[in-house]
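Open the model in your viewer with the sequence panel alongside. The stops below go from the whole chain to charged pairs and then to aromatic rings.

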Amino acid sequence: MKKLLPPVSAALAIAAFGPSALASDIGFAPASYDWQGAYFGANIGAGINNSQISSRYSYKGSEAITPEAADLIDSMGQSYDSTDAGFSGGISAGYNWQYDSVVLGLEADINYLDATGSQSRNVSDIVNSIFASDATSAKERLQVESEWFGTIRGRLGYAADNILLYGTGGFAYGNATASSRFDATNGGEYANWNGSDDGWRFGWTLGAGMEYGIDHWTLGVEYLYVDLGTYKWGADADIALADAALEDAWRDVKGRGEMDYAFSVIRGTVKYRF
């Protein structure tokens, strides 16, 4: 939540007060450039992952275990705040309605997004403490893979001749895969927990931008914050140990993961108005 507040607060301030206030402060003249009409465009920029991913493991068996063992199992998990950046690009279409210096608009876009991130953690010491061994190798990995996203947004802007300052917000959707993987091996013995969640995501977006009009063309820069919700999954166990009783006990250790999926996009735009 703390990480979400700064970009959202900034975007809200720009969307609510930025267009008219900024235009007034720098002395722009009233609108004479015609912003009204349909347009088609393209964008290119960067996507910055703001997702939070976590995993947790806990004993769910009927047999009692020591508090120390329970704490060790609980510490097998981890959390990951992804800040990885990647390429973003797409196409858009929309329509503007102009009332003097006020421009209202509706825009839809579809975009490629490469903001994939991962974090691995060596947990051999933890597993060896549980097994009372020093020969087990164990690693826990979290990963998010972004693929694409789209938005359907309203726009509210202030036109100062051929310069348009606007705030924007609305519905967002996309696709991403989040996964957790735990691998522990000791010779021919192993204990693995693998889980993932993949599918369509739905949420909201908020941002702001500026465009400069030249005849039927406009050039612009835009920022969007996109939040596509929280998703959870279970991690299935695959275990093979020489000690049958120990194997049964470890099958009662359950894994689960969770992702708060969000990202920021900073991009340049070019549009042609019909």
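**Whole chain**

Of the 274 residues of the protein chain, 45% count as buried, where buried means under 20% relative accessible area, exposed over 50% and partly exposed in between, with a 1.4 Å probe and protein chains only. This is a predicted model, in which local features need pLDDT of at least 70 and side-chain atom pairs count only at pLDDT 80 or more, while totals for chains, interfaces and linings use all residues. Residues are numbered from 1 along each chain as its sequence is written, and side-chain values use heavy atoms, with hydrogens and water left out.

Switch to a cartoon: the protein chain has four helices and eleven strands. These are DSSP runs numbered from the N terminus, helices being H or I of at least four residues and strands E of at least two. Among contacts in the protein chain with a separation of 6 or more, 78% are between residues 24 or more positions apart; a contact means heavy atoms within 4.5 Å. Now show the surface. Its accessible area is about 13000 Å², and carbon and sulfur atoms hold 58% of that (Shrake-Rupley method, 1.4 Å probe; for residues, only the protein chains shown count as cover).

**Charged pairs**

The whole structure contains 14 salt bridges, each defined as a side-chain nitrogen of Lys or Arg within 4 Å of a carboxyl oxygen of Asp or Glu.

Select Glu107 and Arg153, whose closest N and O atoms are 2.5 Å apart in a salt bridge. Glu107 is in strand β5 (residues 102-113) and Arg153 in strand β7 (residues 137-160), 46 residues apart. Are the two ends buried or exposed? Glu107 is buried, at 2% relative accessible area, and Arg153 is buried too, at 0%.

Arg267 belongs to strand β11 (residues 253-273), 158 residues from Asp109 in strand β5. Both Arg267 and Asp109 are buried.

Next, select Arg155 and Glu211, which meet in a salt bridge at 3.0 Å, N to O. Arg155 lies in strand β7 and Glu211 in strand β9 (residues 189-214), so this pair ties together parts 56 residues apart in sequence. Arg155 is buried at 6% relative accessibility, and Glu211 is buried at 3%.

Which residues does the salt-bridge network link? Select Glu107, Asp109, Arg153, Arg155, Glu211, Glu222, Arg267 and Lys271 together to display it.

Arg201 is placed over the face of Tyr231, at 4.1 Å from the ring centre. The criterion is NZ of Lys or CZ of Arg within 6 Å of the ring centre and within 35 degrees of the ring normal.

**Aromatic rings**

There are 18 aromatic pairs, counting rings of Phe, Tyr and Trp (its six-membered ring) with centres within 6.5 Å; planes under 30 degrees apart are stacked, over 60 edge-to-face and the rest tilted.

Select Trp148 and Trp200: the ring centres are 5.1 Å apart and the planes at 80°, so the pair is edge-to-face. Trp148 sits in strand β7 and Trp200 in strand β9, 52 residues apart. Trp148 is partly exposed, at 22%, whereas Trp200 is exposed, at 53%.

Move to Tyr261 and Phe263, with centres 5.6 Å apart and planes at 45°, so this pair is tilted. Tyr261 is buried at 1% relative accessibility, and Phe263 is buried at 0%.

Finally, select Trp148, Phe171, Tyr173, Trp200 and Phe202, which ring pairs link into a cluster.
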